[in-house]
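Here are my notes after going through this model. Have it open while you read, and take the points in order.

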Amino acid sequence: MPRTLRSLLRMTQAALLASAAASAIAGCERPYVVLGSAGGANLYEQGGQPAGFLPELTALVARRSGCAMRVELVPPERLIALAEAGEADVLGNVSRGRDAPADREFVPVALLPVEFVVDRRSGIATAEAAASQPEGLVGRMRRGAEPPEVKAYFARIDPARVDVSEDMDTLVRKLNAGRITGFFGTPLYYRRSTDAAGLGDNVRGLPFGAQPYRIGWSMLQARVTPADRALIRKTLETLVRSGEVDALLARHSGKVRLMP
């Protein structure tokens, strides 16, 4: 076979292989933005760019699915407003409660354990012990997502014993200063704040009998096509089953509870 013909044949075979590889990860019909609000190691800004668990998970989903995706960090109020106005593509790592909005599709990615966070030097052994202290205050996040068991805990104690903060960093500073006895949280969201405050190994997350936070991606049906929702869902579910999401979560929070 002439050299020129062989070269042409090899080029044709290479083009066919490249086309087959592209078809294997055909990708989404258009680029999508995954919205999130700052919170612990899940999402924060570093060097002017989003960083943390959510951006790394998004990059992994993009590579495996072939979809063009980027993370945008927005304040909580704006995230809610965009979702309610139907102007968001995907809400990343939001906490899913019992009610499922009819205009979006939720894909669970992780279960986060609920802990009562204390300074181990305080000697407090349980959340109930903290509530029973006559002068101690229990910290609470103003807009924090709370499972029913945590809401019931606060309903049992005097409101005057509850100290409300706007964000996790403020809660941790109050704990470090001894102004509160503890607060509820999950390692993915509190570890970065406790490390920054210098609490280090003095932080102790006490087990609390509450259903874990169930976080995942909410894809708005008006913005993400059915075919793209199916592809993103399949990719996320594959990453969960393979244990790659758990490994990523453990690297960012130090703890993980496997999805069933």
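1. Let me start with Ser253. Leaving aside residues up to four places away in sequence, Ser253 touches Pro187, Leu188 and Arg191. Keep in mind that this is a predicted model. Ser253 belongs to helix H9, which covers residues 244-253. Is Ser253 buried or exposed? Its relative accessible area is 8%, and the cut-off for buried is under 20%, so Ser253 counts as buried. There is also a pairing to look at with Arg192: Ser253 and Arg192 are 61 residues apart in sequence, yet their C-alpha atoms are 8.3 Å apart in space.

2. Next, Asn202. You'll find this one in a loop, between helix H7 (187-196) and strand S11 (203-207).

3. Now to helix H5, residues 148-156. Its buried residues are Val150, Tyr153 and Phe154. Looking down the axis of H5, these fall within an arc of 90 degrees, so they line one face of the helix. On the face turned away from that buried side, H5 carries the exposed residues Ala155 and Arg156.

4. What covers the buried residues of H5? Both kinds of element turn up here. Helix H4 (127-132) is part of the cover, and so are several strands: S7 (115-119), S8 (138-141), S9 (162-165) and S10 (182-185) are included. I'd display these elements together with Val150, Tyr153 and Phe154, the buried residues of H5.

5. Last, the packing of two helices. Helix H2 (residues 53-65) and helix H8 (residues 226-242) pack with their axes 10 Å apart, at an angle of about 115 degrees. Angles of 65 to 115 degrees count as roughly perpendicular, and H2 and H8 are therefore put in that class. Their crossing is right-handed.

6. Who makes that contact? On the H2 side, the residues are Leu57, Leu60, Val61, Arg64 and Ser65; H8 brings Leu231, Thr235, Leu236 and Leu239. Sorted by class, the contact of H2 with H8 has 6 nonpolar, 2 polar and 1 charged residues.

Key:
Residues are numbered from 1 along each chain as its sequence is written. This is a predicted model: local features need pLDDT of at least 70, side-chain atom pairs count only at pLDDT 80 or more; totals for chains, interfaces and linings use all residues. Side-chain values use heavy atoms; hydrogens and water are left out. Helices (H or I, at least four residues) and strands (E, at least two) are DSSP runs, numbered from the N terminus. Buried means under 20% relative accessible area, exposed over 50%, partly exposed in between (1.4 Å probe, protein chains only). The arc is that of the directions from the helix axis to the C-beta atoms. Contact means heavy atoms within 4.5 Å. Axes are lines fitted to C-alpha atoms, for helices over the stretch in contact, and angles run from 0 to 180 degrees between N-to-C directions. Angles under 35 degrees count as roughly parallel, over 145 as roughly antiparallel, 65 to 115 as roughly perpendicular and the rest as oblique. A crossing is left-handed if the near helix is turned anticlockwise from the far one by less than a right angle, and right-handed if clockwise. Ala, Val, Leu, Ile, Met, Phe, Trp, Tyr, Cys and Pro count as nonpolar, Asp, Glu, Lys and Arg as charged, and the others, Gly among them, as polar.
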